[in-house]
Number of protein chains: 2
Amino acid sequence: MAAKGFSAEGAGFLRRTHYVPTIMKACCSAKGRPREFCADTALAAALRVFWSKGYEGASLTDLTEAMGITRPSLYAAFGNKEALFKMALDLYEREKLDYIGEALKEPTARKVAEHLLRSALEMQMSNSDPKGCMGVINAVACGAEAESIRAEVIHRGRVAKQGLIDRFERAKAEGDLPPDTDAVGLTSYLTAIMQGLAVQGGAGASCQDLKALIDTSLAMWPEA
Amino acid sequence: MAAKGFSAEGAGFLRRTHYVPTIMKACCSAKGRPREFCADTALAAALRVFWSKGYEGASLTDLTEAMGITRPSLYAAFGNKEALFKMALDLYEREKLDYIGEALKEPTARKVAEHLLRSALEMQMSNSDPKGCMGVINAVACGAEAESIRAEVIHRGRVAKQGLIDRFERAKAEGDLPPDTDAVGLTSYLTAIMQGLAVQGGAGASCQDLKALIDTSLAMWPEA
DNA sequence: GCGTTTCTATACTGGGCGGTATAGAAGATA
DNA sequence: TATCTTCTATACCGCCCAGTATAGAAACGC
């Protein structure tokens, strides 16, 4: 409602504040005192906070403490909380979901599924990253304030899902999947397993439980 | 932290306030002015709010407006927000998750799974209830304030899951499932699908997408 | 009718939220 | 060194949150 930040069309806030968030500037502007913190490092810290607490659960105090910067620095560098979240989401997709793109390159539908599930499992079992999944956490997010965030996350999810649908359609065309296969249904199914994995991981399931989940899922897949 | 409500041990708040939440009294106490609203109806309204917004996303204003009562009435009748949530959760399990108990009575493991998935799908496609799943929404909940809520929801989920594990163990003993079946893994797998269904339902997936998800899941199950 | 009890309505408290104004410190150019 | 730019630090704003004190109205037993 009062979300008149710059993230919507991007231009509004430029008229309201006297400088541009420096993260958006050309990477090295020579003038003036340089920033004392590393924007990338700070963004990575912000990602961890959003990842473990969700958009609404992450307060600015949580964020600034984790990032090691003050509130005005955050606003100067990233715009506002919403914009910071979206940048963190970009980072997340780039660094943590790159296995999806890799999986699509596998030669058969089953190998795609196997790559996806095993990678998702691996990520969920990592103990250097927060549990759960940014997407699931925030697609299920609660409050009204986060509606735009929810929409963004859901949109990105749909895009990723479409890539998988296309891949399975191709598999059908290549005779790799039976011609009467429902590619959309298969994608929803595979996605559901990964979402369930994230939910259970976020709820504190043990690594062996998660592994059993994925092993069972792969045992279900035909032509094992 | 300041959660010194009555839900923990139940006795604390009795010393702090001069009357007992009337919902906990014997159902008809003759004395005094009777309550003007129906506690059950109000609780059902509260459930819908918690269901669609989550624990933290539901403000007292949301709740009292939906329930048609004032703030002090809510506190008098239900104790506090946390206690209200747990009562709503009881109602949810009793009225909306009764199909789980029914499913366990099916004669074969596959029929159990089929009953579960079809019922979950039906619930998700209902347009008289909120989308998503109380459990998933709140097990993934964000804030620190909701930690006790999260724990409660997760605990209830574990109990339900155990029932399913036992059922599959029985199926193994009856020769209905192969003896080398991983009952825990199978349960986690089935649970994951239902969680994924709820996530996708909550994220606005169409009914036909959800149906395709379940149909594909059932097609995967052996001995179709 | 009375007196008691328990309801409701209003208005308030302290605290945390997202976001910002202001002022001073520090690096860069010259 | 002088000046300018852009950083940082502190303290603040209005808003909404969960929860409550107070006071008045309504229904019961007698």
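Mentor: Begin with the elements: helices (H or I, at least four residues) and strands (E, at least two) are DSSP runs, numbered from the N terminus. Chain A has 11 helices and zero strands. Two cautions come before the rest. This is a predicted model, in which local features need pLDDT of at least 70 and side-chain atom pairs count only at pLDDT 80 or more, while totals for chains, interfaces and linings use all residues. Residues are numbered from 1 along each chain as its sequence is written, chains are lettered from A in the order in which they are written, and side-chain values use heavy atoms, with hydrogens and water left out.

Trainee: What share of the residues in chain A is buried?

Mentor: Buried means under 20% relative accessible area, exposed over 50%, and partly exposed in between (1.4 Å probe, protein chains only). Of the 224 residues in chain A, 49% are buried.

Trainee: What do the contacts in chain A say about sequence separation?

Mentor: Contact means heavy atoms within 4.5 Å. Take the contacts in chain A between residues at least 6 apart in sequence: 66% of them join residues at least 24 apart.

Trainee: Now the core. Which residues touch the most other members?

Mentor: In soluble globular proteins, nonpolar side chains tend to be buried together. A nonpolar core is a set of buried Ala, Val, Leu, Ile, Met, Phe, Trp, Tyr and Cys residues joined through side-chain atoms within 4.5 Å. The largest one here has 136 residues. Leu63, Met67 and Phe78, from chain A and from chain B, touch the most other members. Look at Leu63(B): leaving out residues up to four places away in sequence, its contacts include Ala46(B), Val49(B), Phe50(B) and Leu84(B).

Trainee: How many residues does each chain bring to the contact between chain B and chain A?

Mentor: Chain B brings 37 residues and chain A brings 37 residues. The size of an interface is often given as the accessible area lost when the parts come together. Buried area is that loss with a 1.4 Å probe, summed over both parts. Here chain B and chain A bury about 2,900 Å² between them, with 66% of it on carbon and sulfur atoms. Cys142(B), Tyr189(B) and Met220(B) supply 21% of the area that chain B buries against chain A, more than any other three residues.

Trainee: What polar links cross the interface of chain B and chain A?

Mentor: A polar contact is a pair of N or O atoms within 3.5 Å; within protein, one must be able to donate a hydrogen and the other to accept it, and residues adjacent in sequence count only if both atoms are side-chain atoms. Nine residue pairs are in polar contact across the interface, both residues at pLDDT 80 or more. Which helix gives the most to the side of chain B that touches chain A? That is α9(B), with 14 residues.

Trainee: Show me a residue in that helix.

Mentor: Thr191(B) is found in helix α9 of chain B. Thr191(B) counts as buried because its relative accessible area is 15%. Its side chain reaches the backbone oxygen of Thr187(B) at 2.6 Å. Not counting residues up to four places away in sequence, Thr191(B) touches Gln200(A), Lys161(B) and Leu164(B).

Trainee: And one from α10?

Mentor: Leu213(B) lies in helix α10 of chain B. Leu213(B) is buried, with a relative accessible area of 0%. Beyond four places away in sequence, its contacts include Gly185(A), Tyr189(A), Ile193(B) and Leu197(B).

Trainee: Which examples should I click on?

Mentor: Then Arg170(A), which forms a salt bridge with Glu174(A), the closest N and O atoms being 2.9 Å apart. Arg170(A) counts as partly exposed because its relative accessibility is 39%. For a network of salt bridges, find Glu82(A), Lys86(A), Asp90(A), Glu93(A), Glu152(A) and Arg156(A).

Methods. Buried area is the accessible area (1.4 Å probe) that two parts lose on being put together, summed over both. A salt bridge is a side-chain nitrogen of Lys or Arg within 4 Å of a carboxyl oxygen of Asp or Glu.
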